[in-house]
Each structure stands twice: as C-alpha cells, then as structure tokens.
Amino acid sequence: MRAIRNGLKFAWLEVTGLCNEFCHHCYADSSPKGTHGIMTVRDWTRVIDELSGMGALDVQFIGGEPTLYPRLAELIRHAYDFGLSVEVFSNMTHIRPELWETFTDCKVKLATSYYSDTPEEHDGVTRLRGSHRRTRVNIEKALDLGIPIRGGVVAVQKGQRVHEAARDLSALGVGTVGGDRARAFGRAGAGAEPTIGDLCGHCAYEKCAIGPSGAVWPCVLGRFLNLGNVLERPLPEIWGGARMADVLADITAVHGEGAQSCTPPQFLPMCGPCSPCVPSVGHCDPTEAGTGAGPDTIDTPA
C-alpha cells in the first residue's frame, strides 16, 4: 500500500489517559493514575483543523475516559464546527450536564463497553463499584435524548455472560450491539511485547490515532509503532511521510497487501463498506458486505 494513495478519513483522538475504571484488559493501560498528557487545547484544536483540511470525515474522542477531560465539550464543538462527525467512546459513568447539551447540539454519537447483565460481573471487570448501574442509567438517558449509542460486549473472562449482556443492551433499546474479545495489548498483554502480527493489518489505512503526548499511531492498538508527533510536525507532514511508509511496509510484510481480516477494537464509526462493520464474531470480511454473510452473533473466545 502506497501512503500517497491512502487518504486520512478517521482519527481516534485520545485526549486523556485518566480513567475512573481500572479494567484488567485495558489496551491503553489507562487508570485513575493516568493524566491528560501534554497536549493543550490549542494543540488539539490545531489537529482538528488539520484533519478537516485533509478531508477527514469522522473523529472519535477516546481515553482513558474522555468525559473526564475538562474541556471535551469545547473540542467536540470545534470538530463539529469544522464539519467532522463526532463519536465519543465512553464508559458512560461520568457525564456532566454540559456534556449532554453538547452531545445533542453537535449530533454526537456515543459508544460504550458493556461486560455483563449483572452488576457483580460488570463491576468485577471495571473494578469500579456501581459502574454497571451508572452505565445503564446513562445509556437510558442517551436514548431518551435521541442520542445514537452503540454497545460493545467485550469477552474478557471464561464463562462471562456476554450473550446475556448483549440481550440486556438490546432490551434497553441500543440498536447496534457488537462483540469483541480482549486484545493482547496494554494490561491485557500481561507484560508481553506487542507485535505487528497481533494487529488486524488495516492499521494506518485511512485512519490513525493521536495520543495525549502528541504521538501519532497507525491505530489505537498499534501505539508501539510511532509515526511521528504532532507537537513536532504538522499532521499532514506525518501522514504519508517516510516514517509512515516504513511502518506500512512492515505491516504489509506481516499481513500482506490489502489484508481482509478486519477485527478492530469493538467497532469503528467510519468502517465500510458494511457501514458500520461490527465484528461480532471476531472476524468481519468487508468483501462480504451485502451478501448476507456478515456477522450477526457474539462469539466468545475459547
């Protein structure tokens, strides 16, 4: 894949490493000990301006827990004003009143992780007492406000009630419920060095992630593959630059040109042509879109 022919359509914006939960499987290794990093609001707004100028369509604010970032509303409004579709991936436990107003004003979409239909099991995964109750309450509030929300049921332990969790989300009124397994990155890697072979192969294809230190990665899981830093160079120079070409060559050497196995972390708001592609069985082939062969069940890892 030649970087010059690879337009940037989507970006994860990891505005903070702070999270009020402490999940064992967190690929970002975020926790209550995390920080907002060194990117200022001015830095983030400049990056959003650059994304818009590059023809990007969507951004997803992530963390950590992005709702803990004190100026998230300001960044959402800036992205919206610059014509970008916005999604916020949140654990839905800590949403300030002004954020609800911003979500509705800026037509924000929401996405969340959900682990079980029982409070005990869900809270056991998040290691935050009361998280299940708060997440459900805020899912219901989002739906009452007409805010689109998707749920991802992540299988992280044997015997987990993932099917029941999916049914619970559907019963609440969540229209799109996907599934995924824990990925061997961050804390889930248990100290193992991440490898390109653990990635899906679509990294840096029309997408990138930008972290709170300004680092640019080919995706949220590929943070060990640094493409550059927006505090040192403008994003348009990093995207399609020599370092990115080298990373793409390394990825292609492992996965082959045009890898079809697409298993992103839960789901992407810009994924296509399935639009959106929900990897409910841990494998989604975009070439099968429209054939009736797409995923429609949740599969737990052996």
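Q: In what sense do β7 and strand β8 (residues 215–217) pair, and over how many bridges?
A: They pair in the antiparallel sense, over two bridges. Pairing here needs at least two DSSP bridges between the strands, and strands themselves are DSSP E runs of at least two residues, while helices are H or I runs of at least four, both numbered from the N terminus.

Q: And which residue is the bridge partner of Ala-209 in β8?
A: That's Trp-217.

Q: Before I go on, what kind of model is this?
A: A predicted one: local features need pLDDT of at least 70, side-chain atom pairs count only at pLDDT 80 or more, and totals for chains, interfaces and linings use all residues. Residues are numbered from 1 along each chain as its sequence is written, and side-chain values use heavy atoms, with hydrogens and water left out.

Q: OK, back to the sheet. What's the strand order?
A: It goes β6-β5-β4-β3-β2-β1-β7-β8-β9, an open sheet of nine strands with mixed pairing. The edges are β6 (176–181) and β9 (228–229), each pairing on one side only.

Q: How do β1 and β2 run, parallel or antiparallel?
A: Parallel, joined by five bridges. Trp-12 stands opposite Gln-60 in β2 there.

Q: Is β2 buried or exposed?
A: Five of its five residues are buried, where buried means under 20% relative accessible area, exposed over 50%, and partly exposed in between (1.4 Å probe, protein chains only). Asp-58, Gln-60 and Ile-62 sit on one side, with Val-59 and Phe-61 on the other, so both faces are covered. In general, side chains in a regular strand alternate between the two faces of the sheet.

Q: Switching topic: how many aromatic pairs are there?
A: Two. The rule takes rings of Phe, Tyr and Trp (its six-membered ring) with centres within 6.5 Å; planes under 30 degrees apart are stacked, over 60 edge-to-face, the rest tilted. Phe-10 and Trp-12 have ring centres 5.0 Å apart and planes at 85 degrees, so that pair is edge-to-face. Phe-10 is buried at 0% relative accessibility, and Trp-12 is buried at 3%.

Q: What about Trp-100 and Phe-103, what sort of pair do they form?
A: Edge-to-face too: 5.9 Å centre to centre, with 80 degrees between the planes. Both lie in helix α3 (residues 97–105), three residues apart, about one turn of the helix. Trp-100 and Phe-103 are both buried.

Q: Which residues have the most contacts inside the largest nonpolar core?
A: Leu-13, Phe-61, Phe-103 and Leu-110, in a core of 73 residues. A core like that is a set of buried Ala, Val, Leu, Ile, Met, Phe, Trp, Tyr and Cys joined through side-chain atoms within 4.5 Å.

Q: What does Leu-13 touch?
A: Leaving out residues up to four places away in sequence, its contacts include Trp-44, Val-47, Phe-61 and Ile-210. Contact means heavy atoms within 4.5 Å.

Q: How far does helix α1 (residues 41–53) reach?
A: Its 13 residues reach 18 Å from first C-alpha to last, close to the expected 18 Å, which is 1.5 Å times one less than the number of residues. Buried residues of α1 include Trp-44, Val-47, Ile-48 and Leu-51. The buried residues of α1 pack against elements including β1 (10–14), β2 (58–62) and α2 (72–81).

Q: And what follows α1?
A: Gly-55, with a positive phi near 90 degrees.
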